[in-house]
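Here is a short briefing on one protein chain. Keep the sequence and the 3D view open while you read.

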Amino acid sequence: MSIKLYNASINSLEKIDVAIKQDVISGSKYIANLIADLIRSKQASNEPCVLGLATGSSPKTLYAELVRMHKEEGLSFKNVITFNLDEYYPISREAVQSYYRFMHTHLF
């Protein structure tokens, strides 16, 4: 399947590239490769790579692919700084609903 890139204009100042994939697995692999390229690019420049990460069911396959890339391909996260896009307050890190716990279960 060929990659279809669309440039969707929200207004005259914003353009968002969109890649349509056949399924969630191929979409997750595509995004994981973009993230891995960014991480490696920042490593080559000796810069930190800052990622804002989401939780929920949608990114689980993406995080699984990043973990696979780390374990099987040696993708290093030594220069990566992450933050969650949101978190419940007040909540303990160990709570089932905690985004901190989610990230440690699915990515870290």
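Which residue caps the N-terminal end of α3? S98 does, with a side-chain oxygen 3.1 Å from the backbone nitrogen of Y100. The model is a predicted one. The protein chain has 3 helices and 4 strands. Along the sequence they run β-β-α-β-α-β-α.

**Whole chain**

- The protein chain has 108 residues, and 23% of them are buried.
- Its accessible surface is about 7700 Å². Carbon and sulfur atoms account for 55% of that surface.
- Take the contacts between residues at least 6 apart in sequence: 56% of them join residues at least 24 apart.

**Nonpolar core**

- The largest nonpolar core holds 16 residues. Y63 and L66 have the most contacts inside it.
- Four elements each supply at least two residues of this core: α1 (24-44), β3 (49-53), α2 (60-73) and α3 (99-106).
- Beyond its neighbours within four places in sequence, Y63 is in contact with L53, A54, F102, M103, H106 and L107.
- In soluble globular proteins, nonpolar side chains tend to be buried together.

**Helix α1**

- D23 caps the N-terminal end of α1. One of its side-chain oxygens lies 3.2 Å from the backbone nitrogen of I25.
- α1 has 21 residues, and at 1.5 Å a residue it should span 30 Å. The C-alpha atoms at its ends are 30 Å apart, so the two values agree.
- Buried positions in α1 are G27, S28, A32, I35, A36 and I39. Seen down the helix axis, the buried residues of α1 fall within an arc of 170 degrees, so they line one face of the helix.
- An α-helix has 3.6 residues a turn, so residues three or four places apart point the same way.
- The cover over the buried residues of α1 includes β3, α2 and β4 (80-84).

**Helix α3**

- Y99, F102 and M103 are the buried residues of α3. Seen down the axis of α3, they fall within an arc of 95 degrees, so they line one face of the helix.
- These buried residues pack against β3, α2 and β4.
- Two of them, F102 and M103, are also among the contacts of Y63.

- S28 sits in helix α1. Why does S28 count as buried? Its relative accessible area is 8%, and buried means under 20%.
- Leaving out residues up to four places away in sequence, S28 touches T61, L62 and E65.
- N79 lies in the loop between α2 and β4. N79 is buried too, with a relative accessible area of 13%.
- The side chain of N79 makes a polar contact with the side chain of Q43, at 2.9 Å.
- Leaving out residues up to four places away in sequence, N79 touches I39, K42, Q43, E47, P48 and C49. Among these, I39 is itself one of the buried residues of α1.

Note on methods. Residues numbered from 1 in each chain as written. Predicted model: local features only at pLDDT ≥ 70, side-chain atom pairs only at ≥ 80, totals over all residues. Heavy atoms only, no water. Core = buried A, V, L, I, M, F, W, Y, C linked by side-chain atoms within 4.5 Å. Buried < 20%, exposed > 50% of the residue type's maximum accessible area, 1.4 Å probe, protein only. Contact = heavy atoms within 4.5 Å. Expected span 1.5 Å × (residues − 1). Arc of directions from axis to C-beta. Polar contact = N/O pair within 3.5 Å; in protein donor to acceptor, adjacent residues only side chain to side chain. Areas by Shrake-Rupley, 256 points an atom, 1.4 Å probe, with all protein chains shown as cover.
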